Amino acid sequence: NPNWWQVGAFGDDFKIYLNDTSADGITIDQDGNVGIGTTAPSRNLKIEGGSTTGPSVGILETGGADAFWQARATDVLFGTITNHPLSLRTNSLERIVVTGGGNVTIDTTTLHVDSTNDRVGIGTTNPAAALDVYGQIIANSGLINRSPFVVKTGATQVPHYRSTSFS
């Protein structure tokens with residue numbers, strides 16, 4: 001039997017599907033909802049799939065970023081397949097950026113996680129230590145010093161060697 005496509009109106013819906021498969025093809029219902037893999041789309045666009053990887057949507061800029069959104073049985077994935085950053089924007093401004101290397105920046109320089117060197121920067125995107133803060137630190141309950149640390153003001157570095165709490 002040769003394969004053929006059925007295209008046309010079925011009841012109040014418009015459908016496209018392959019004749020030799022029980023899988024649903026594309027449905028446009030009377031409300032204008034589009035379903036891929038379902039005959040009863042309950043949203044403007046609904047994609048259903050029963051594979052082990054789950055249904056997914058891909059967006060590809062030719063020669064550029066390849067992004068996806070995928071629903072699985074236990075979680076939802078959203079990201080890039082290519083080595084391009086993933087950005088979350090509000091009001092046309094980048095709020096959170098995850099680089100291809102796994103670094104995370106929140107609000108340009110507010111918080112930066114350097115996953116390569118296991119460092120966190122607050123107020124800087126280039127942390128030089130495990131925690132690098134550019135700005136004032138207020139600790140209402142004091143600080144616990146378990147090893148020497150350096151307080152830097154401008155170019156001046158002052159080592160502290162207290163082994164107890166201080167405020």
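Trainee: Why is the link between Glu-94 and Arg-89 called a salt bridge?
Mentor: The closest N and O atoms of Glu-94 and Arg-89 are 3.2 Å apart. A salt bridge is a side-chain nitrogen of Lys or Arg within 4 Å of a carboxyl oxygen of Asp or Glu, so this pair qualifies. The model is predicted, with local features needing pLDDT of at least 70 and side-chain atom pairs counting only at pLDDT 80 or more, while totals for chains, interfaces and linings use all residues. Residues are numbered from 1 along each chain as its sequence is written, and side-chain values use heavy atoms, leaving out hydrogens and water.

Trainee: Why is Glu-94 called partly exposed?
Mentor: Its relative accessible area is 35%. Buried means under 20%, exposed means over 50%, and partly exposed lies in between (1.4 Å probe, protein chains only). Glu-94 therefore falls in the middle class.

Trainee: How many salt bridges does a search of the whole structure find?
Mentor: Four. One of them joins Asp-75 and Arg-72, with the closest N and O atoms 2.6 Å apart. Asp-75 has 28% relative accessibility, so it is partly exposed. Arg-72 is partly exposed too, at 38%.

Trainee: How do you know that Arg-95 and Asp-107 meet in a salt bridge?
Mentor: Their N to O distance is 3.8 Å, and that passes the cut-off. This pair links distant parts of the chain, 12 residues apart. Arg-95 sits in strand 10 (residues 93-98), and Asp-107 in the loop between strand 11 (104-106) and strand 12. A strand here is a DSSP run of E, at least two residues, numbered from the N terminus. Arg-95 has a relative accessible area of 27%, so it is partly exposed. Asp-107 has 35%, so it is partly exposed as well.

Trainee: What makes His-112 buried?
Mentor: Its relative accessible area is 7%, so it falls in the buried class. His-112 lies in strand 12 (residues 111-114). Residues it touches include Arg-119, Thr-124 and Pro-127; contact means heavy atoms within 4.5 Å.

Trainee: What makes the link between the side chains of His-112 and Thr-105 a polar contact?
Mentor: The distance is 2.6 Å. A polar contact is a pair of N or O atoms within 3.5 Å; within protein, one must be able to donate a hydrogen and the other to accept it, and residues adjacent in sequence count only if both atoms are side-chain atoms. The His-112 side chain also has a polar atom 3.4 Å from the backbone oxygen of Val-104.

Trainee: Is Thr-38 buried or exposed?
Mentor: Buried, because its relative accessibility is 6%. Thr-38 is in the loop between strand 4 (34-36) and strand 5 (45-47). A polar atom of its side chain lies 3.1 Å from the backbone nitrogen of Ala-40.

Trainee: Why is strand 6 said to lie largely in the open?
Mentor: Strand 6 (residues 56-60) has five residues, and the number buried is zero, so it counts as open.

Trainee: How do you know that strand 6 and strand 7 pair?
Mentor: Two strands pair if DSSP finds at least two bridges between them. Strand 6 and strand 7 (residues 66-71) have five, in the antiparallel sense. Gly-58 stands opposite Phe-68 of strand 7. The hairpin has five residues between its strands, and Gly-63 takes a positive phi near 75° there.

Trainee: Why is Val-7 called exposed?
Mentor: Its relative accessible area is 55%, so it clears the cut-off for exposed. Val-7 is found in strand 1.

Technical notes
Helices (H or I, at least four residues) and strands (E, at least two) are DSSP runs, numbered from the N terminus. Lists of a residue's contacts leave out its neighbours within four places in sequence.
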